[in-house]
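Please open the model in a viewer and keep the selection panel at hand.

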Amino acid sequence: MVLLKVKFPFQRRVKVAQGLWLLSWLATVSGAFIFTLGIFLKSELRKRSEVMDNTEIHAVPNTLIIVGLASVVINFFAGRICQDSLDVARFPRWRGFMVPYFAGAALLALLMLVAVIMSYAMKGNLEESLKIGLKNGIRFYKDTDTPGRCFQKQTIDLLQMEFQCCGNTNFKDWFEVQWISNRYLDYSCKEVKDRIKSNVDGRYLVDGVPFSCCNPSSPRPCIQHQMTNNSAHYNYDYTTEELNVYRRGCREALVSYYMGLMNTIGVVVLLFFLIQMGVLVSLRYLQTAMDGVVGQENTECETEGYILEKGVKETIKLTIQKIAKIFQPNQVQNEQAESAPGTAG
Amino acid sequence: MAVLKVKFTKTKRCKLAQILWILNWISVITGIILFSLGLFLKVEIRKKNEIMYNREIHSVPNMLIAVGVIACGINFLGGKICYDCSDSNKFHRWKLIMLPYIICTFFFTFCVLVGALMCYTMKNELEESLYLGLKEALKFYKDTDIPGRCFLKKTVDLLQMEFRCCGNNGFRDWFEIQWISMRYLDVSNKEVQDRLKSNVDGKYLMDSVPFSCCNIYSPRPCIQHQLTNNSAHYSYEFQTEELNVWMTGCRQALLEYYMQIMQSIGFTVLIIWLFELSVLTGVRYLQTALENVLLQGDPDSESEGWLLENGFVETARTNFNIIKNLGKSNQINAVSGNEDPNLNVTPSSHGATRTHIPTVS
């Protein structure tokens with residue numbers, strides 16, 4: 001009931017060892033590449049950390065970094081093992097190492113799959129975080145004199161210009177927030193007083209947007225103030241005007257940017273996962289084939305390689321028994337101690 | 001009186017040839033670097049060619065590209081020559097070519113130096129071009145409906161946002177041109193009519209700037225319109241306000257950007273020039289050492305290498321005479337006839353030109 005048995009004549013063993021050596025170096029380089037991708041994603045997320053509410057999304061690049069480092073180590077060892085596998089004298093020293101090695105490799109494979117799933121599934125989390133972060137950013141836009149918030153104006157302006165977006169969901173978010181500080185409002189002016197009285201919270205709300213919302217592709221100079229008032233501007237129709245300010249909301253722009261990055265990285269990690277599985281399967285076959293050679297006189301004989309010695313169910317049962325033994329060593333010892341005086345006495 | 005004479009044993013000659021072979025291959029790589037630097041500069045200038053008046057400021061990058069390609073070729077040939085020189089048998093192949101090769105390379109290094117110096121002297125040409133180009137671009141900012149100029153608004157806006165500058169020399173350039181198209185002006189409005197009448201050309205001038213001039217570091221929302229009117233805005237003073245709009249002019253901002261690039265490129269090219277010169281010196285020593293070996297006849301013996309056989313002045317004089325005599329190759333000099341040992345020269349004809357003496361039959 002051996003799982004996936006394959007015969008290995010000497011030549012095939014040599015070929016597998018050589019192929020595996022190359023593949024393990026390829027996998028090591030890919031692992032380093034995944035590591036740099038993780039660092040890159042983390043730095044990109046950090047650049048915009050001021051408009052994000054929480055750092056839960058950083059779990060994705062952190063996982064990638066761990067996966068990258070672990071895969072470099074595992075594939076390095078895979079290369080060393082397969083180098084030694086052609087020399088019957090040196091191969092036995094790896095014997096004790098193989099079980100923990102394959103356990104670690106299985107964990108790594110699992111982690112890789114988790115990373116791929118996360119890079120697609122964390123969209124909702126990112127969107128929520130950006131929604132709250134941008135809301136705060138827009139609210140504190142005017143507070144350039146409050147320590148801790150004085151950079152919000154700069155951040156939001158640069159963000160809107162770089163991502164070609166305006167506001168949270170769209171530009172109308174600016175109509176609901178007072179984005180002009182009280183320091184620059186003339187309270188003796190009747191118009192200002194009227195506006196402030198006209199809403200419950202006493203805020204100075206205007207139907208205008210900051211200059212960073214302006215679209216350079218517009219054929220006419222930017223109309224920032226009195227946007228809903230058609231008669232305030234010549235030849236202007238608010239309902240049909242599309243090129244004046246950016247129509248897209250910054251939340252949507254940022255989400256699509258980051259999801260684009262993470263989806264690409266997810267595809268790369270999936271490809272790498274396939275390479276890694278190839279390395280592990282070949283290494284397992286090589287190990288089991290070499291185990292058959294050790295102790296025999298003719299080192300060039302044919303042996304069999306397999307994935308699991310017994311079937312899947314039996315192996316799982318045996319593994320559970322082994323783990324149970326580790327956690328209950330006292331029981332066995334007590335039984336032995338009880339039986340010993342019994343026999344002696 | 002040889003210039004900088006050095007003795008060369010056989011092993012020293014071989015080592016020199018090998019080192020020069022490697023150095024020549026490194027020079028091929030530096031040639032590729034020169035080529036890519038020229039290409040980079042060309043692309044950077046091209047990117048902004050809409051705001052440059054003279055679109056042909058491509059002399060410097062073209063020079064660098066040409067020099068880079070020629071450097072690759074010359075050093076590739078030099079590498080082959082030096083490789084063969086380590087074996088004195090193969091030297092015969094290159095014996096005749098080596099001296100012309102060295103002379104060509106010497107003049108070529110001048111070109112490299114000229115390329116490096118041009119990088120530093122391009123400033124005035126560039127400044128002139130940027131000044132005129134930006135002036136035109138600002139004038140046509142409003143013409144978004146005229147084909148051929150419709151993209152200038154977007155170009156100028158993006159330029160001002162990217163380089164954090166406003167106008168040509170400063171933001172006041174916008175006060176002197178009409179940057180709002182007539183399509184968006186209500187000509188029936190009295191205020192508009194007053195403004196149009198108030199200046200000679202009938203232009204709608206305002207003390208305002210486009211939105212792309214706004215400074216993101218300003219603590220207050222951007223004041224674009226009525227910049228000089230203190231009473232139009234609360235708690236605002238035009239003379240002391242520095243953070244409202246960008247204070248740098250775009251010409252200066254762009255000039256600084258390009259000069260930075262060109263200075264780094266110029267510095268790199270100067271270092272490459274020094275490297276080429278040292279390789280050339282090595283090749284010259286190798287050539288003279290091998291030629292002397294051939295003259296001595298014994299390939300294993302010690303020989304001398306030098307830069308110039310005679311002093312500078314004598315070599316210059318000899319070369320000058322050679323060039324002078326090139327023009328007189330058709331005339332037979334009677335004095336020179338005495339120097340040829342194979343000819344019978346009658347003493348009586350000394351000083352006179354040869355004439356055809358008819359034989360009397």
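Select chain B and chain A together: across their interface, six residue pairs are in polar contact, both residues being at pLDDT 80 or more. A polar contact is a pair of N or O atoms within 3.5 Å, one able to donate a hydrogen and the other to accept it, and residues adjacent in sequence count only if both atoms are side-chain atoms. On the side of chain B that touches chain A, 14 residues are nonpolar, five polar and seven charged. The model is predicted: local features need pLDDT of at least 70, side-chain atom pairs count only at pLDDT 80 or more, and totals for chains, interfaces and linings use all residues. Residues are numbered from 1 along each chain as its sequence is written, chains are lettered from A in the order in which they are written, and side-chain values use heavy atoms, without hydrogens and water.

Next, display the contacting residues: 26 of chain B meet 25 of chain A, contact meaning heavy atoms within 4.5 Å. The two chains bury about 2,400 Å² between them, 67% of it on carbon and sulfur atoms; this is the accessible area (1.4 Å probe) lost on being put together, summed over both. A salt bridge places a side-chain nitrogen of Lys or Arg within 4 Å of a carboxyl oxygen of Asp or Glu.

For one example, select A:E44 and A:K47, whose closest N and O atoms are 3.3 Å apart in a salt bridge. Both belong to helix α1 (residues 10-47) of chain A and, because they are three residues apart, are separated by about one helical turn.

Methods. Nonpolar A, V, L, I, M, F, W, Y, C, P; charged D, E, K, R; others polar. Helix = DSSP H or I, 4+ residues; strand = E, 2+ residues; numbered from the N terminus.
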